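Reader: I am new to this structure. Please show it to me, and then I will ask how you know what you say.

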Amino acid sequence: MTMTEREFWTVLHGMVFGTVFLLAFAGGFAGVWSLKPELITGAGIRERMKRLVIGMWTMAIMAWLTVFSGTYIVYPWYRAPDPGSPRSFLLANADTKAWHTFGMEWKEHVGWFAPILATAAAFIVTYYGASLAEKDRLRKAVLVLFTIACAASAVAGLFGAFLNKVAPIQ
Amino acid sequence: MNARADSAKADGVAAAAVLASAIGVFITGSLTTLAEISQLLKTALAWSGAVGPLIGKTGVGVIVWLIVWSILHAIWRGKEVNFSAIYTVSLILIALGWLLTFPPVFEAFSG
């Protein structure tokens, strides 16, 4: 059971940080969705706020860790100019070229939307606290930001998984 | 958390957070496309040889986001604003930012 340093960071970036973000999304979304006075009592809303705030910031931090580890640690290995790098391998073959020109090019940019939007959503939930239940417009805006952040992360994660299968970083 | 105190908070702070994040997304998307149009800009954004222009595109997007957020937060804190209009503009900026990072779009401008 051995793993190279590059494989370790690739797994940490995609399977740990990225996956925790995507898995936590469902819980966070359900928490904000059900934050309505007609569904939960005032005491119930206050009781769940602490958990929700922790969950939202965990997601935002995971999103930042994902893009930082991806961009500054894993990506330089991917795009190294030597012929053995994943990028060189993909571009050398017409059948695999689009994995870079479409998949990687989209993933590397759109992935950065996730931490920005998740941070804004987490901040709003923290700042307004339990009163978010009475501010329906803001609550819905948080859900939309949150969903777009998840979609950006899903695009990046999906292409990351495929790219690591087609041209793994070793 | 004190729900009664929280409910008195105006929506300006939320509007600032939403609009600033949308501007950050839009700037990142714009730079992605602009870097395809201008080789000079692409080179200028390559702050690190190992990471290439991606570091500059996303770095500028994040810096602009944080600066705009702090300014809007200071201006709109404690104020009621037209949240619906700001939210609509924000969604348009996010959609444009998303579109400008879509490879078939920015490659259409590639020199």
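Author: Start with the largest nonpolar core: of its 76 residues, A:Ala121, A:Ala149 and B:Val18 touch the most other members. The largest share, 15 residues, comes from α2(B). This is a predicted model: local features need pLDDT of at least 70, side-chain atom pairs count only at pLDDT 80 or more, and totals for chains, interfaces and linings use all residues. Residues are numbered from 1 along each chain as its sequence is written, while chains are lettered from A and ligands numbered from 1 in the order in which they are written.

Reader: What makes a set of residues a nonpolar core?

Author: Its members are buried Ala, Val, Leu, Ile, Met, Phe, Trp, Tyr and Cys residues, joined through C-beta atoms within 7 Å. Buried means 20 or more other C-beta atoms within 10 Å of a residue's own, with C-beta atoms placed from the backbone.

Reader: Which residues is A:Ala121 in contact with, leaving aside neighbours within four places in sequence?

Author: A:Met56, A:Val142, A:Leu145, A:Phe146 and A:Ala149. Contact means C-beta atoms, placed from the backbone, within 7 Å.

Reader: How many residues of each chain are in contact with the other chain?

Author: 31 residues of chain B are in contact with 33 of chain A. On the chain B side, α2(B) gives the largest share, 9 residues.

Reader: Why is chain B called more spread out than a compact globule?

Author: Its radius of gyration (taken over C-alpha atoms) is set against the globule rule, 2.2 Å times the number of residues to the power 0.38. For 111 residues the rule gives 13 Å; chain B has 17 Å, well over that, so it is more spread out than a compact globule. Its C-alpha atoms fill a box of roughly 55 × 25 × 20 Å, taken along the principal axes.

Key:
Buried ≥ 20, exposed ≤ 12 C-beta atoms within 10 Å, placed from the backbone. Helix = DSSP H or I, 4+ residues; strand = E, 2+ residues; numbered from the N terminus. Contact = placed C-beta atoms within 7 Å.
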